[in-house]
Amino acid sequence: MSDSEAQPTGDPEAGRVPDASEASNGRIETPAPDAPKPGVSRRTVLGAAGVGIAAGLAGGAAIGATVGGRGDSEPDRVVAFRGERQAGIVTEAQDRLHFAAFDVITDSREALVDMLKKWTVAAERMTRGEETVPGGATGMGEYHPPADTGEALGLSPAHLTLTIGFGPGLFGPSASDPGRKDRFGIADRKPAALADLPAFAQEKIEPSRSFGDICIQACADDPQVAVHAVRNLARIGVGVVSVRWSQLGFGRTSSTTRSQETPRNMFGFKDGTANIRAEDTETLDKWVWVAPGDNPPAAQWMTGGTYLVARRIRMDIEPWDRANLKEQEDIIGRTKQSGAPLSGEDEFDEPDFQITSYGTPIIPLTSHVRLAHPDMNNGAQILRRGYNFTDGSDGFGHLDAGLFFVAFNRDSFKQFVPMQHQLSRKDAMTEYLIPNGSAIFAVPPGLRPGEYWGQRLFEK
Ligand SMILES: C=CC1=C(C)c2cc3[nH]c(cc4nc(cc5[nH]c(cc1n2)c(C)c5CCC(=O)O)C(CCC(=O)O)=C4C)c(C)c3C=C
Ligand SMILES: [Fe+2]
């Protein structure tokens with residue numbers, strides 16, 4: 001975050017976020033002229049400025065958007081904010097998550113759109129490792145609350161991605177508020193696939209951990225960068241939105257590019273082996289991205305987008321830890337050491353569900369991988385992008401640990417929902433799981449230059 005941009009001044013207008021009246025034709029003009037160019041971290045500019053070569057450096061760098069949208073080869077760790085898709089979906093999964101769901105607390109469409117414009121400016125800046133506004137943390141004068149909270153000053157952009165989604169409640173009645181009106185005149189623009197998730201067997205959904213009108217998924221390789229981003233968006237949104245619930249995640253439980261090692265979940269098993277990857281473009285088109293034919297003209301704003309399902313799944317790790325290794329492996333359907341299916345030898349071997357031993361399937365009928373596999377789900381696939389969590393203990397001697405499950409799919413009611421029904425009824429792992437948070441959001445496509453978050457939804 002920039003000290004170099006800070007222009008110490010007593011002028012309260014200096015570096016403030018432009019408001020809606022300043023944006024011509026709804027376009028957001030994002031980069032401050034003196035801001036580091038994409039691809040140049042705050043730290044780089046700071047160092048370079050010290051020897052007087054900042055301008056040359058800033059002019060020469062480019063965004064490091066690789067196939068997963070993340071520039072691992074770039075030392076500066078910036079993921080492109082704009083593009084055909086929102087970042088944070090096929091972007092190589094970062095190590096940390098701060099996910100926040102907001103209630104919209106105003107009935108004013110103008111106030112909501114104004115906030116979305118401000119959010120866009122701040123979000124794009126933060127993904128570049130900049131303050132929400134130039135000089136926001138310390139450069140706005142002594143007598144004004146800083147426009148950036150400051151805890152990311154000096155930190156790398158850390159591959160921060162900010163992904164926005166809109167919940168069913170934004171469009172009128174929903175599970176969180178069944179009596180709600182169409183406050184923003186957008187009910188006709190609600191896609192059919194943006195409906196509340198049904199109840200599933202064995203879950204204990206807590207409304208205070210569920211639903212939401214808008215979500216922000218902040219992923220980064222530094223937890224402080226992700227938390228700073230959500231905190232500052234919440235601060236900018238005061239009076240328009242309030243945080244309904246949020247979740248921190250500390251270790252990814254999926255891989256989203258072929259170059260990533262498969263991580264492990266809180267059961268100690270490799271998780272993400274059979275996930276869809278950024279490189280699987282045909283599979284993504286089939287199972288993740290919304291196509292023009294999926295929606296009527298009023299909901300075309302979702303074309304190129306996807307639907308995000310979030311589930312907070314507490315894992316009963318203490319009883320799990322007392323289960324023997326064979327029992328654990330039979331529940332998952334893969335070996336703990338290598339992650340290979342019980343029918344194979346290597347992690348990436350295709351599971352063979354036909355093989356039996358003494359008449360019993362080697363991959364048990366109640367195993368997780370069998371029941372979640374496309375063969376058992378009419379071919380359906382989903383892109384998983386979840387995180388581990390531990391939120392202290394429950395007061396009864398157990399860790400409140402689990403998996404914050406995030407999945408992206410083209411139509412949750414044809415993909416996630418039937419899969420989840422099957423798992424919650426038959427999966428042996430269910431005995432160790434307590435899903436207690438649940439939400440669905442429509443995630444629009446990425447932004448073109450000058451667009452703001454939600455523009456295609458709110459502007460006809
Ligand atoms: C409804 C969808 C799914 C939920 C909810 C879910 C929860 C969940 N999963 C694990 C651990 C593993 N899952 C694995 C594979 C896997 N899981 C799902 C779907 C849901 N999981 C799918 C579609 C798949 C892939 C199936 C396939 O095609 O083979 C695995 C195996 C490794 C891997 O492929 O990722 C593990 C391990 C936990 C712990 C959990 C809830 C807490
Ligand atoms: Fe799973």
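**Figure 1. Domains of the predicted model and their contact.** The domain assignment of the protein, automatic or taken from a database, gives domain 1 (20-307 + 441-458) and domain 2 (313-384 + 397-437). Their contact (C-beta atoms, placed from the backbone, within 7 Å) takes 40 residues from domain 1 and 35 residues from domain 2. On the side of domain 1 that touches domain 2, at least two residues each come from strand 1 (96-104), strand 4 (241-249), helix 5 (281-287) and strand 6. Strand 4 gives the most to this side, with three residues. By class, this side of domain 1 holds 20 nonpolar, 14 polar and six charged residues. Here Ala, Val, Leu, Ile, Met, Phe, Trp, Tyr, Cys and Pro count as nonpolar, Asp, Glu, Lys and Arg as charged, and the others, Gly among them, as polar. This is a predicted model, in which local features need pLDDT of at least 70 and side-chain atom pairs count only at pLDDT 80 or more, while totals for chains, interfaces and linings use all residues. Residues are numbered from 1 along each chain as its sequence is written, and chains are lettered from A and ligands numbered from 1 in the order in which they are written.

**Figure 2. The shell around ligand 1.** Ligand 1 is surrounded by 28 residues (C-beta atom, placed from the backbone, within 6 Å of the ligand), the closest being Phe269, Thr273, Ala274, Ala372 and Leu403. Strand 6 (306-315), helix 8 (368-372), strand 11 (399-409) and helix 9 (416-426) each supply at least two residues of the shell; helix 9 gives the most, with four residues. Helices (H or I, at least four residues) and strands (E, at least two) are DSSP runs, numbered from the N terminus. Domain 1 and domain 2 each contribute at least three residues to the shell. Its classes are 16 nonpolar, eight polar and four charged residues.

**Figure 3. The largest nonpolar core.** This core (buried Ala, Val, Leu, Ile, Met, Phe, Trp, Tyr and Cys residues joined through C-beta atoms within 7 Å) has 104 residues. Those with the most contacts inside the core are Leu160, Cys215, Ala218, Ala226, Ala229 and Leu308. Helix 3 (residues 109-127) gives the most to this core, with nine residues. Because domain 1 and domain 2 both give residues to this core, it lies between them. Leaving aside residues up to four places away in sequence, Leu308 touches Gly165, Cys215, Val406, Phe408, Phe441 and Val443.

Figure 4. His373 lies in the loop between helix 8 and strand 9 (383-384). His373 is buried, with 21 other C-beta atoms within 10 Å; the criteria are 20 or more for buried, 12 or fewer for exposed, and partly exposed in between, with C-beta atoms placed from the backbone. The C-alpha atoms of His373 and Pro351 are separated by 9.0 Å.

Terms used:
Two residues are in contact if their C-beta atoms, placed from the backbone, lie within 7 Å.
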